[in-house]
Amino acid sequence: MDTINFKALETELHDELVRVKRWRRVVRVLSVVVYSLVFCWFMFVLFGGMLLARLGWEDYGMLTQTLMPVFIGLVVLSFLLSRSMASFQRQEAAATRRVMQALVPQVSFSLSSEADSELLGGSRLFTVSFGDPRLGVETYGEIESADGRLHVADVAVSYGWVNRWQYHPVAGYFVMLYRHVLRPIFAARMESSAYNFRGMFGWCRTERRYEGDILVLPDHLEDKAGYLARQIQALHKRFHARLVVLEDPEFERRFVVYADNEVTARMVLTPALMRRLTALRDAFGRDLMFSFSRGCFYYAASMPRGFLRLRPDALNGEGRMLEEIYNDITLACRVADEV
């Protein structure tokens, strides 16, 4: 493939990228204002009884009259946010298609493909236990290799305690508040703020069928009392998985391996493969997760700004945003080739 002139390509797409950037700013400002007001409204509804007891009916009535214009303003701003979000998504989708066509014409790119929850559950990278509710999955784009064996998608996934507690009669209220009110204020991408993972997820069929499951996870996350701690406990309980200590110090510094069949894990994770996985982790510049399960190879990386979407970086005329997208895509496709 010919070398891509990222600077010239950014110049060619400049008008479209600038429009996307402007709509992104509008959506960001409106989302912060709207969801901050919604949070305040929730607090007012939740603690209104306490406020009434403290103020009395007369002062409380005056306060509610004062808040009515705020509520009307919230309705108007919510309408503007929904229209702005629709315009931003339309502009971004059009620009993304042009960018992908210019950067990676050799692969099939789609904004309408869907990665179902069974596929992500089969990877064991997100499923904690059989008792978990069904994974919540949203797909924002997918690329497919020419031979159809490799798929890499931009996905958002909700899993773990967030999914479990949303059905609790009391905790469900606070989960809803956290997911749909607080997270949009701080999330890098508002459309995926209700999910607790956004990033790259790749899968491909292999000629070899693996016995059991092998998970290769970031080592520095092992002791966190979050997703990985629950995942490790679930692996012990469900698959009788155990820690597999390998002999490559560089690999061990970056990854921890759990498998329910240690012999299979050692046969798959050869010294050459461990060196390649270590090199891929360093080249990618972010944590990678891998799993081998029954004839499939899966991998994922958290990318809160999105994988197959335009990044919120400022346009600088140097084409760095386009180069970053291109490097992420080529590295994501390289993972399967290396393994």
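Below are some questions and answers on this predicted model.

Q: How many helices and strands are there in the chain?
A: The chain has twelve helices and nine strands. It runs to 339 residues, and 48% of them count as buried. Its accessible surface comes to about 17,300 Å², with 57% belonging to carbon and sulfur atoms.

Q: Why is Val216 called buried?
A: Buried means under 20% relative accessible area. Val216 has a relative accessible area of 0%, so the word applies. You will find Val216 in strand 5 (residues 213-218).

Q: Which residues does Val216 touch, not counting those up to four places away in sequence?
A: Val216 touches Phe251, Phe255, Val256, Val257, Leu269, Leu288, Met289, Phe290 and Phe292. Tyr299 is 83 residues from Val216 along the chain, yet their C-alpha atoms are separated by 9.2 Å.

Q: What makes a group of residues a nonpolar core, and how many residues has the largest one?
A: The members must be buried residues such as Val, Leu, Met, Phe or Tyr, joined through side-chain atoms within 4.5 Å. The largest such core has 66 residues, and those with the most contacts inside it are Leu103, Met200, Leu269, Phe290, Phe292 and Tyr299. Helix 12 (residues 320-338) gives the most to this core, with nine residues. A second, separate core has 22 residues, including Ala115, Phe126, Phe197 and Cys296. In soluble globular proteins, nonpolar side chains tend to be buried together.

Q: Why are helix 2 and helix 7 called roughly antiparallel?
A: Angles over 145 degrees count as roughly antiparallel. The axes of helix 2 (residues 14-46) and helix 7 (residues 171-186) cross at roughly 150° and come within 7 Å. The pair is therefore roughly antiparallel, and its crossing is left-handed. Among the residues making the contact are Tyr35, Phe39 and Phe42 of helix 2 and Tyr173, Met176 and His180 of helix 7.

Q: How do you know whether helix 11 is roughly parallel or antiparallel to helix 12?
A: Check the angle again: helix 11 (residues 271-284) packs against helix 12 at about 175°, with the axes 11 Å apart. With the cut-off at 145 degrees, that makes helix 11 roughly antiparallel to helix 12. In this pair, Leu273, Arg276, Leu280, Ala283 and Phe284 of helix 11 meet Asp328, Leu331, Ala332, Arg334, Val335 and Glu338 of helix 12.

Q: What is the phi of Arg124, and where is this residue found?
A: Arg124 is not a glycine, although its phi is positive, at about 65°. The residue is found in the loop between helix 5 (117-122) and strand 2 (136-144).

Q: Why is Arg124 called buried?
A: Its relative accessible area is 16%.

Key. Residues are numbered from 1 along each chain as its sequence is written. This is a predicted model: local features need pLDDT of at least 70, side-chain atom pairs count only at pLDDT 80 or more; totals for chains, interfaces and linings use all residues. Side-chain values use heavy atoms; hydrogens and water are left out. Buried means under 20% relative accessible area, exposed over 50%, partly exposed in between (1.4 Å probe, protein chains only). Helices (H or I, at least four residues) and strands (E, at least two) are DSSP runs, numbered from the N terminus. Accessible areas come from the Shrake-Rupley method with a 1.4 Å probe; for residues, only the protein chains shown count as cover. Axes are lines fitted to C-alpha atoms, for helices over the stretch in contact, and angles run from 0 to 180 degrees between N-to-C directions. Angles under 35 degrees count as roughly parallel, over 145 as roughly antiparallel, 65 to 115 as roughly perpendicular and the rest as oblique. A crossing is left-handed if the near helix is turned anticlockwise from the far one by less than a right angle, and right-handed if clockwise. Contact means heavy atoms within 4.5 Å.
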